[in-house]
Amino acid sequence: MRTLSSHSFLRRRVPTLLVAVTCGITAPIRLAAQFQEVETPTLRLIYTSPGQSYLVPQVVSTFDKALRFHEQLFDYVPHGRMNMLMHDLWHYGNAGARPLPENHVTIGIAPYGHDYESAPAPERMGSSMNHELAHIFTTDKPTAADRRFRSLFLGKVTPNAEVPLTIAYGYLTVPRWYSPRWYLEGIATYLETWMNGGLGRAIGPYDEMVFRTLVRDSVQIYDVVGLESEGTTIDFQVGSNSYLYGTRFVSYLALRYGNDKMLAWFNRTEGSKRYFASDFKRIFGRSLEDEWSRWIEWEKQWQRDNLALIRTHPTTAARPLTNRVLGSVSRAWYDSANASILVAVRHPGQEAHIASIEIATGKFTRILDIPGASGLSVTSLAFDPASRELFYTTNNADWRNLLALDLKTGHTRMLIHDSRIGDLAFNRADRSLWGVRHDNGFSTLVRMPYPYKEWNQVNTLPYGRDLFNLDISPDGSALIGSMSEVSGDQKLVRMKTSALLSGDATPEILFDFSDWAPSNFVYSSDGRFIYGSSYYSGVSNIYRYDVERARMQPLSNAETGFFKPLPLTADSLVVFAYSRQGFVPSMIANAVPDSVSAIRFLGNEIAEQRKEVQGWVPPSGTNVDRNALTAATEKYSTVRNFRLNSMYPVVEGYQDVDGNFGVSGGMRLNFADRVGATSLDVTGSYSPGQELSENERLHLHGVFRHWNWTVSGALNRADFYDLFGPTRVSRKGYSLSAQYQKSLLFDGPTSLYYTIRAAGYGGLATVPEFQDVAASDDKLATIYGDLSYKSLRKSLGAIDDELGSTWATAFRGNYAGEKFRPRLTAEGSKGFLLPLDHSSVWLRGAAGTFMGGSRNDPFARSYFGGFGNNWVDYRGIKQFRNTESFPGLEINEVSGATYGKAQVEWMSPPLRFRKVGIPSAYLRWASVTAFASGLTTDFDNGDARRSYVNAGAQADLRLITISQFESTFSVGFATAAGKHIPPSSAIMISFKLM
Amino acid sequence: MLTQYQLELIHREIDGENTPEASAEVRELIASQPEALTLMSSLQSLDALLREVPNREPSAEARRAIYETMSMHVNASPSAAHAEGITSTVRRWAMEQWNGVSTFMGELMLTKKVLLVATTAVAVIAIIGNALVGYPPSVFDAGTIGNGDGMSGVQQAGRYKGAKKTDADVTLSSPEIQALLQNDQIIKLIKSEAFREVMRNEANRVALSDDANRMVLANDANRMLLTSEAYREVTANEAYLRIMQNEANRALFASAAFRELTANPAYREVLASEANRKVEAADASRKLEASAAYRKLEMSPAYREVMASAAFRNVMASDANRALFASEAFRTVMANPAYRSLMASEANRNVMLSPAFRELTASSAFRVLLSSEAYRNVMANAASRELMAGQAFRELTRNEALRETFLKEANRMF
């Protein structure tokens, strides 16, 4: 699996994907019309563009092989066809899987990333299938008890924050889905490696380096709780740690106890325990924590032995340029004008940015933030030393934009939006920029002539071959790069630029590093040498290729790993030395070391001692009838794919206008299509108690979504969270609304949406927007429209958005009693990240005015007051940020036909917990937020004008339950005062379930 | 070549660690693969010799050097120069010993005594290696310093290798069409309004789905013509483009007489004739005019009607036409056997006769498309021409869904 791929990844990214798909980047109807669907007896493949049809046979073939392998290994045949959504939304290939509500795999077709050889793999469809189906088999396989619950709920239940009981239902139907990410990624990566013929992280040089470095530097290896609470949140490896630790621990188990015993832990057979940690104890006879500790001791010894091997020969001394650890780094360039290196960095606590580091002093200067930085390589960077223009890319994980920064003026300009081009290289001879474009699964070498407003195809590589880490000789005559093949083999190649431009892209192999990839090779300024790195000895060392003599020589014997060399002088070069917290720019001598010894790999040891893994190869001989697939392909049909996912009992609360409270019971039905663009949720419940009047005992609520459209209806709407209060959404009467939402801009973290909604209400007792505010009429028709902009960013390891801005303007017209009451509101916010990591300040402002009708009519006014949190909640934890909130006052205590509001907020850096809890429930962080607000209502009416101020703080404690649910316990206090009201205080206590 | 598994099987057999089933597998392997037999024999000899070698300590000099090296590295290299000096000494010593042994072995390999010396040396090296490493390396970790394919001074790390994926493991459906769509010029073309209009044009759809057209596309001559350099030059020629846009030319193409003419067997015969190919030469011209086919053609009403038509005269009189006729590329195409064969084919005639083709060529969108720079760039693109000449393109034209690929590409969102 790739560095970011996983079910957990999918949890985070699929919503983004579906938002992109659902809300539509441009026209949803056109988008929907593009979707294609093809079915085989075991697979339902949906893909987002007919252009991807050429990959269908490969997907079907590799899926079938992986399916047959896993069926045999786990002795299980999944129920029904597996769903797969294939798309081209990401810059690098990736995939994810989930067993809910049906078995589903999402796969991005772009070529894989190759950073640091952190996830070696052969042909990507096969690799992805091998990995993702492991997720499906380890999470979906049921026991008889699981099957009974699936029958009871008419399917597997997806946890839904609106109905928290679904946590329990989901656990009963798919218990192994409720496991930490490392558990799921560990086995998937382990199996994938052997299914790929040994190419994978289980024999990964990057993985060996990570643990070798931890041992060398005597840094604590995360325990099983610390990994999840801290290792996957603040470490610069973030999500990658799940793969690193998971794969390592699973490999250790296989080596120590054998594959049968290890696999038994992942196989949900009869008699196995639902919870993964409980099942560990059943199988291995000791607790997971105990065995994890034993693994750490074993790992330390393994790495000490490898360090001894490296130290067989003198190791290379590296002089750090700065005492600052940079986290992840891009390729670096030398800026002779300032005698500094230019590099993009990304580390926890601060947004990714381009920086310069002076060679002589190590002075670090932040130059420019990079929105949408990617994991290990941050951005693609190229430099024109003559004009001192720096080229870089944003939205690096998605469709990359190409921009330029003029270092002389600091001015940036967009060159090509959605260029999808990375691996930039600059040709000094003709000022052209070169790069590799990823589109529709192909890698295309492109050239961008000055002024870089368009790209021209130079050569499109056949599917399965990729070119990356480009550089161009100083005289512009040759282009070098790393070229990977279907087999996963990678070679250092050279091509003449003149030949390329005349259509001859035949590569010349400069050096074959055999099983180990060449990385980031670059020319020296005189063009006589090429410098790069390779794990040739198992450790990433720097190598020098003599162009004239065609000879490759080592330049280092590193203990951890050296990467991305930048030749400076004939005597020395800058390298990036791996350290536990990221990469350190360092100087090493341009000299050949005495000798370099190879290290040992855990994966090799497994292959030797547990030979059965050598036979873990997907079956061959799948014959794909391409014509039959073509004939079976049809347009995706929402109707055909619309079905009931699950049905389960619910409990809700309802409060009538007199404050009488009822508890109701009922059922909820969830329908959806297979790409999640269309859904229907229907909830019906009944309050049997006598507290409520008879016509308020039946509660109905339904929401239908279809791409950009949402239609909802309700009768005496009730809600689970109204059982707790104090905020209540239950309302007497009936309502029907239709809404259309569309994006005008959708570019990485920046978006601009508009929303139009029309709604009708009948039998009203309270204003739909504001609880406890009596309606002036029992019928209401509303039209609403808004325009909303958002550009929010956060640094690595952030717990909340840390900087950026938002603004929105909205119009609402309430028509009741033959009167129309229009209102106009506007709000905005701006956040700044402070020098203190993960600490930021936010400024917010809002204003609104009625535009007609009586200013005292409740349908014309806006109401304020309260924190906004419920005792038990599912919405955002910081409700005080909402315009209608005003902690210190009672809910909706004050109102105005016009208003102006301002707020300032300071977010403290979070306090992290490394080990507080057990694997199934542990604390992750705690943070404090302080705020102060000012509110003026009816500012246009001297007599009625009122002003209020408040100040308060909120403390939040994040805990993880059942391995994956992010719950938060919040406590807040605020005091408010105003000229016309006595000072008042409020305490808020809330528990957000998920 | 023996696989890693087979090598391991043989080694285990020598070591007596195989199960009866595994031993049977070894026997079968030896029987079927001479390479396995050779390896087995040599290992057995070596094994026998090694068993006779007593456990020996390395020489005091070697031990001292190695221990010094080890202790130095444990202490994190306080003096790089010192460290380098010692390591160099060890390396030189080792190299000298090795060179001596290898030279000696090269000369006297077959003598039993030398074999004994050599295997003893191997055993000593193994013992020293074990002392250094602390455990035997995995068979997949094995590496050598300065091996033939590698780099001097670097021990290559081993890696377990199972079955490798090859191109045979990749099954795609006409990827060349999608690869073609990576061309910036083609993207510009298909995003152009003119192209979209042509693709939406019913006549175009009918023409593309026409049996005759498919036969033309499947025709070898057509394929050869499309991939020829001369054809590329003609279609990229300014004069040609002007002609294609020319109103008179369109009228000529659309005329019934022209269609009849091109359908005339005599006309095709003339086009296919050797004399026509060499029509530049006076001799050939005379031969052509004297040929029965030409005379027959001249007598045909369609020919006469075309010759007399204003459209034809306008075409012939246009500068563009003269420029085109004068161009070397045009003459090359005319002389191209593939072109002549194509023009003479029944399928081509049917295409020219089809109302859809006529309607298409008469449409303004078609003319705009042909005159666009993007179109010219595409026609000049080698990959594009190869595609049009290939099987995939023919499949494209046969398949309703695929036929819409280009149009869909123009509207593609992801």
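Predicted model: local features only at pLDDT ≥ 70, side-chain atom pairs only at ≥ 80, totals over all residues.
Helices (H or I, at least four residues) and strands (E, at least two) are DSSP runs numbered from the N terminus.

**The six-stranded sheet**

- An open sheet of chain A contains six strands in the order β4-β5-β3-β2-β1-β31, with mixed pairing, where two strands pair if DSSP finds at least two bridges between them.
- β4 and β31 (634–635) of chain A stand at the edges of this sheet, each with a single partner strand, so one side of each has no neighbour in the sheet.
- Helix α4 (residues 124–140) of chain A packs on the sheet and touches β3, β4 and β5 of chain A, its direction making about 20° with that of β4(A).
- Helix α3 (residues 56–74) of chain A lies across β1 (36–39), β2 (43–47) and β3 (82–87) of chain A, and runs at about 150° to β2(A); such angles run from 0 to 180 degrees between N-to-C directions, with axes fitted to C-alpha atoms, for helices over the stretch in contact.

- In β4(A) (residues 94–98), five of the five residues are buried, that is, they have 20 or more other C-beta atoms within 10 Å of their own, C-beta atoms being placed from the backbone.
- In a regular strand the side chains alternate between the two faces of the sheet.
- Both faces of β4(A) are covered, with N94(A), G96(A) and R98(A) on one side and A95(A) and A97(A) on the other.
- β4(A) pairs with β5(A) (residues 104–108) in the antiparallel sense over five bridges, and a hairpin of five residues joins the two strands.
- Across this pairing, G96(A) stands opposite T106(A), and A95(A) stands opposite I107(A).

**Strands β28(A), β29(A) and β30(A)**

- Six of the eight residues of β29(A) (residues 572–579) are buried.
- β29(A) pairs antiparallel with β28(A) (residues 562–567) over four bridges, and eight bridges join β29(A) to β30(A) (residues 582–589), again antiparallel.
- The hairpin from β29(A) to β30(A) passes through two residues.

**Helix packing**

- The axes of α7(A) (residues 181–195) and α10(A) (residues 240–257) come within 7 Å and cross at roughly 65°.
- Among the residues that meet here are W182(A) and Y190(A) of α7(A) and Y243(A) and F249(A) of α10(A), residues being in contact if their C-beta atoms, placed from the backbone, lie within 7 Å.

**Nonpolar cores**

- The largest nonpolar core has 201 residues, and those with the most contacts inside it are L45(A), V343(A), A344(A), L390(A), Y392(A) and V575(A); such a core is a set of buried Ala, Val, Leu, Ile, Met, Phe, Trp, Tyr and Cys residues joined through C-beta atoms within 7 Å.
- The largest share of this core, nine residues, comes from α7(A).
- Leaving aside neighbours within four places in sequence, V575(A) is in contact with residues including A318(A), I542(A), F563(A) and I588(A).
- A second, separate core of 15 residues includes Y863(A), Y899(A), Y948(A) and A974(A).

Note on methods: Residues numbered from 1 in each chain as written. Chains lettered and ligands numbered in written order. Buried ≥ 20, exposed ≤ 12 C-beta atoms within 10 Å, placed from the backbone. Contact = placed C-beta atoms within 7 Å.
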